[in-house]
Amino acid sequence: MSDATNIDDLKRRMEGAISSFKHELMGLRTGRASASLLEPITVEAYGSTVPLNQVANIAVPEPRMLSVSVWDKSMVNAVDKAIRESSLGLNPITDGTTLRIPLPELNEERRKELVKIAHQYAEQARVAVRHVRRDGMEGLKKAEKDSEISQDESRIASDKIQKLTDGTIGEIDKILAAKQAEIMQV
């Protein structure tokens, strides 16, 4: 285990946590309807859990309306249930195999709910980054114990991992602050 590749691997994994966090935040739409709003939703279909876009077509016919066209008529109720049970607070209107989803105007209470959800996503991302840090630190301890690296090398690498972790968590906080400002702006 070379020190440089280990740090690069940890950095790649931490960046993965950030990109996953950004992807989750895309689902928290503030103004206009967007098909990406429904991306995180999964549906119980054919004995497994699949993303919504694998059982239906998502369209944006109006700025405050989403349209979900379910391909298989037997899946309509499952899709409706998945959307209702998501943390997005949406209530679909079923019309045959099409679900129309009006997006409510964001009131102060709903904005605060969205900010709470964004904070939950941020905390999940921070936890993921800390797990990566823990894996890196355990790898260093093992390498030091197996006499692959010296104590000094271990301490230097440990400091690098900590700086990388702090920087990544700082970036998550910055992204969260920007999203929070976007949500709260009327």
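Visitor: Where in the secondary structure does Met65 lie?

Guide: Helices (H or I, at least four residues) and strands (E, at least two) are DSSP runs, numbered from the N terminus, and on that reading Met65 belongs to strand 4 (residues 65–70). This is a predicted model, in which local features need pLDDT of at least 70 and side-chain atom pairs count only at pLDDT 80 or more, whereas totals for chains, interfaces and linings use all residues. Residues are numbered from 1 along each chain as its sequence is written, and side-chain values use heavy atoms, with hydrogens and water left out.

Visitor: Is Met65 buried or exposed?

Guide: Buried means under 20% relative accessible area, exposed over 50%, and partly exposed in between (1.4 Å probe, protein chains only); Met65 counts as buried because its relative accessibility is 15%.

Visitor: In what order do the strands of the open sheet run?

Guide: Strands of a sheet pair through backbone hydrogen bonds, either parallel or antiparallel. Here 4 strands make an open sheet in the order 3-4-6-5, with antiparallel pairing, where two strands pair if DSSP finds at least two bridges between them. Strand 3 (56–62) and strand 5 (93–95) are at the edges with a single partner strand each, so one side of each has no neighbour in the sheet.

Visitor: Over how many bridges do strand 4 and strand 6 pair?

Guide: Strand 4 pairs with strand 6 (residues 98–102) over 5 bridges, in the antiparallel sense, and Leu66 has Ile101 of strand 6 as its bridge partner.
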